[in-house]
Amino acid sequence: MIAIFRGILKSQKMIVTCFLILCILLLISIFAPWLAPNDPIAINLTHKLQPPSLDYPLGTDHLGRCMFSRILFGARISLGFAFLIFISALSMGLLIGIISGYIGGWVDQLLMRIGDGLMAIPSLLFVLGFVGIWGAGLKQVILGLILVQWVYYARVIRGMVLSLKEQNYITAAKISGSSTWIIMKKHIIPNVLPSLAVMGTLEMGWAIMNLSSMSFLGLGVQPPTPEWGAMIHEGKSYIRTNPTLMIYPGLMIMLVVVTFNLLGESLSERFGVKRR
Amino acid sequence: MQGVKPLSLLQVKQVSLSFNSKKFFIGKDLSKKVLNDISFTIEEGTCLGLIGTSGAGKSTLGRVILGIQRPQQGQVLFQGYDIYNSDKATQHNIRRDLQVVFQDSYSAVNPRMTAERIISEPLENYGKLTKGELRRTVCELLERVGLSEKDLKKYPHQFSGGQLQRINIARAIALKPKLVVLDESVSSLDMVTQSLILELLSELKDDFGLSYLFITHDIKAAFSISDKIGVLEKGELIERYDSKDQFFSSKHPIVKRLRDCILAEHPRFRTLTTGKLG
């Protein structure tokens, strides 16, 4: 059973399927204004909590807003900001990891001790504290998540740079007159990036989960902006009568996170430098 | 350090180096003396063979000469310039004339670069060449070391160890250096490839007017290419010879032991003086 699953993971099919799903989601979030049948934030109390119909493909919520349109627009927020978190944390981690790995010495010590400090606090608690100080809002949550996340990238990259630095070809490059900048550009970054892409794909799922859970707690995206986590939060009072209000956005989060994780897994199974 | 033009290409003056491991509050001082008061010179156009057992400090000495491992004491003068205590521009220029070929050809090249990019790296660092000129120079170098234009776009894993060592040699001679440090460059190759590479190296030496520092534990290989021989043992340069005969008539116990390790052409001719071998 596990062997079969591993086989699927390794195969090209898995990567292609995951990639297709993500492409569709990307298209949805780009073309949401044209695809959505209704205005996602237009309140219409006379149509509240309606079952699916032609006008409202997935029914309406407690304020009579179209669920389908809200989910489409929610993809924009969830995917867009998760991507922002991912890219910012990645660049910050890449920069700090390379500096700290290559330069070493007290610079390395300082940066890594800051990282240790951040890692010592549970990430959820850190973001909660951050929001507690600066107030609830999307900006604060995103900033908090970036500050939590870069450490993991920086650690991994630092480790890779440390081992790369001792390679003979780096010494050979130094001897052939390459400057530190050229060594970074030609030898270190190209060797770090592929593993980073794999790690990043896995972390993307993490970013979406955390952003949504923050919004679920009412700390991230503020109503009436449609966001999947926030939609679950708004629907939770109707869990007995209209469970679909929570189920649809929940399924979307699950779909995205699972896709990202499976993609990351299968990429890491396949990726790797050809070595002897 | 500038001034009079020196006679020797490379002068190593009383170089000592020890690797320190800092004590952590208590415990023994674990610093290890790797090189101890080493002095020698390499004249232009000659090859100095450096023989020694594993751990004798041969490769460290190579790194010191290449300018990547600063010794605690002593000086390394290259054409009269101190390679550790001169300004950046001079150091950058010295780099050009001092190149290396490592033992393990696979780890000496970036696995993500094609042969063309590997060889053009030093060329790009010194001097501006257009793309066409660069490609032509790389092709010439490839042909010079016995490979062909077809190999331009190949990646390291597509080459055999011997071919890859040729690429390393091409990279080393790309800048027309004056001194090339061959750090066990043929030791991980089979006998046939070894002799081919040695042949190539001595051809290149004549063509480009190169000097070599040939670091090896293989006495036969050292003799086939070197003009002079130095024996390194436990960080000390114990003996120096200007010819093979001197090496074979030496009375030094360590040299004797090294000498006994050379296999005779036929087992019948083998003499066991120490009685420990076999």
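Author: Happy to! Chain B has nine helices and 10 strands, where helices (H or I, at least four residues) and strands (E, at least two) are DSSP runs numbered from the N terminus. This is a predicted model, in which local features need pLDDT of at least 70 and side-chain atom pairs count only at pLDDT 80 or more, while totals for chains, interfaces and linings use all residues. Residues are numbered from 1 along each chain as its sequence is written, and chains are lettered from A and ligands numbered from 1 in the order in which they are written.

Now to the helix. Helix α1 of chain B covers residues 58-66, and seven of its nine residues are buried (20 or more other C-beta atoms within 10 Å of a residue's own; exposed means 12 or fewer, partly exposed in between, with C-beta atoms placed from the backbone). The buried ones are B:Lys58, B:Ser59, B:Leu61, B:Gly62, B:Val64, B:Ile65 and B:Leu66. After α1(B) comes B:Gly67, with a positive phi near 85 degrees.

Let's step back to the whole chain. Of the 278 residues of chain B, 35% count as buried. Among contacts in chain B with a separation of 6 or more, 70% join residues 24 or more positions apart; two residues are in contact if their C-beta atoms, placed from the backbone, lie within 7 Å.

Chain B also touches chain A, and 22 residues from chain B and 18 residues from chain A take part in that contact. On the side of chain A that touches chain B, α8(A) gives the most, with seven residues.
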